[in-house]
Amino acid sequence: MPPLSRRKFIAGSSLALIAADAAPQPGLHARARARGLFYGSAVNDDTLTNDPAVLGRIKAECGVLVGEAQFKWGDLRPDAKTFDFTRADALLAFATKSGLRMRGHTLLWHEGNPAWLEKTLTPANAEKLLVDHIRGVVGHWKGKLMHWDVVNEVIDSDDKQPLNLRKTLWQQALGARMLDIAYHTTAETDPSALRVINDYGTDYTLAWQDRKRGAMLDLLADLLHRKVPVQAVGLQAHLDGGEVTLDQKVLAKFVADIASMGLKVIVTELDVRDQRLPADIPSRDETVAAHARAWLDAVLSNRAVLGVLSWGISDRNTWLNGQFARADKLPQRALPLDAALNRTKLWSAIAASIDAAPVR
Ligand code: G3I
């Protein structure tokens, strides 16, 4: 039995520990704001309409939202003449009511399109379709969205097209002019929304990703030289916790190269797939968290980075369980909150990386 004074000390310490545990840790956006950053999440229609518990956690963790599909052609354009803003407006109403800002995603992509667009798009009508869409959509939310992912995933050097553009319906119809049209029309319609080029696959030293980083820098240089008003790069950051070719120096240099062109950077779709990792949850979580921490530390160290969004907030609802399903069918643990809405090691890694970022 320790002497009384020591016993008091022990009792006092454990009380202090309990008190510290009970005090809620600030959410990710509150921590980000302290560094001049923001934190946010994608939200899909299912979550917005059916999952108030997740919405509650979104309010606690986020300052910025983005629609997972609601702002894409497929959701907004039932036909060539009509705009249906219902689902997107519902998400914006939730964001506004909750004091959250919103990004727009996306105005030109080769996926998420309605079948009628794929059937009717020709070189002759493409420019009018694109301009009308951007004027209608960007104009509808003029002054209300903080950013637009004007174009999404336009690079694929394997397609052997000029400027390493991906061979898509838009690219085949308009060539690189699709970028000029998209950025100029967005700038004219809502000058206040930051104009982003968003893409994936620039995270590792895999050969195709080395090429993609080079292609992105070349494309940005070309756009800026031609006075195409792109203002920021969105790094999707769909990370792979089983990938071993993450080189922080290469990543930091890529971000610095973008910043040296006077452009901003946003981490737009962070998640860490774990389908190559063993089933054991503690070790899976450990690897996922360390992987994200290494990636985020390299990127957030650059003051050109404005903020981070994850592609969903909770493992309850992630696209990864479809496209990157684990062989053992276990649900992935790819997001800051698990399916029971508990903060995971990934949450702590994101929080720590934000805390360590230089103040903007
Ligand atoms: O809303 C309808 C619903 O009414 C219907 O019952 C259901 C039946 O399948 O479909 C629902 O729409 C789906 C929508 O997600 C719901 O969120 C679409 O079919 C489905 O195609 C759509 O998938 C999204 C995909 O982009 C295409 O838009 C994924 O959720 C979304 O995670 C994914 O996001 C992309 C980013 O935009 C770009 N980067 C990669 C990322 C992952 O693929």
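Q: In which strand is Thr-106 found?
A: Thr-106 belongs to strand S3, residues 101–108. (Helices are DSSP runs of H or I, at least four residues; strands are E runs, at least two; both are numbered from the N terminus.) The model is predicted: local features need pLDDT of at least 70 and side-chain atom pairs 80 or more, while totals for chains, interfaces and linings use all residues. Numbering starts from 1 along each chain as its sequence is written, and side-chain values use heavy atoms, without hydrogens or water.

Q: Is the peptide bond from His-105 to Thr-106 cis or trans?
A: It is cis, and omega is near 0°.

Q: Where is Glu-153 found?
A: Glu-153 sits in the loop between strand S4 (147–152) and helix H9 (169–174). Its phi is positive, about 60°, although Glu-153 is not a glycine.

Q: Which ligand atom is 2.5 Å from the side chain of Glu-68?
A: An oxygen atom lies 2.5 Å from a side-chain N or O atom of Glu-68. A ligand nitrogen is 2.7 Å from a side-chain N or O atom of Glu-269. Trp-311 places a polar side-chain atom 2.9 Å from a ligand oxygen. The protein buries 52% of the 790 Å² that the ligand exposes when taken alone (Shrake-Rupley method, 1.4 Å probe).

Q: How do the axes of H11 and H12 cross?
A: Two packed helices are described by the angle and the distance between their axes. The axes of H11 (residues 207–225) and H12 (residues 248–260) come within 11 Å and cross at roughly 10°. H11 and H12 are therefore roughly parallel (under 35 degrees).

Q: Which residues of H11 and H12 meet?
A: Arg-213, Met-216, Leu-217 and Leu-220 in H11 meet Val-250, Phe-254, Asp-257 and Ile-258 in H12 (heavy atoms within 4.5 Å). This contact has 6 nonpolar, no polar and 2 charged residues.

Terms used
Axes are lines fitted to C-alpha atoms, for helices over the stretch in contact, and angles run from 0 to 180 degrees between N-to-C directions. Angles under 35 degrees count as roughly parallel, over 145 as roughly antiparallel, 65 to 115 as roughly perpendicular and the rest as oblique. Ala, Val, Leu, Ile, Met, Phe, Trp, Tyr, Cys and Pro count as nonpolar, Asp, Glu, Lys and Arg as charged, and the others, Gly among them, as polar. A polar contact is a pair of N or O atoms within 3.5 Å; within protein, one must be able to donate a hydrogen and the other to accept it, and residues adjacent in sequence count only if both atoms are side-chain atoms.
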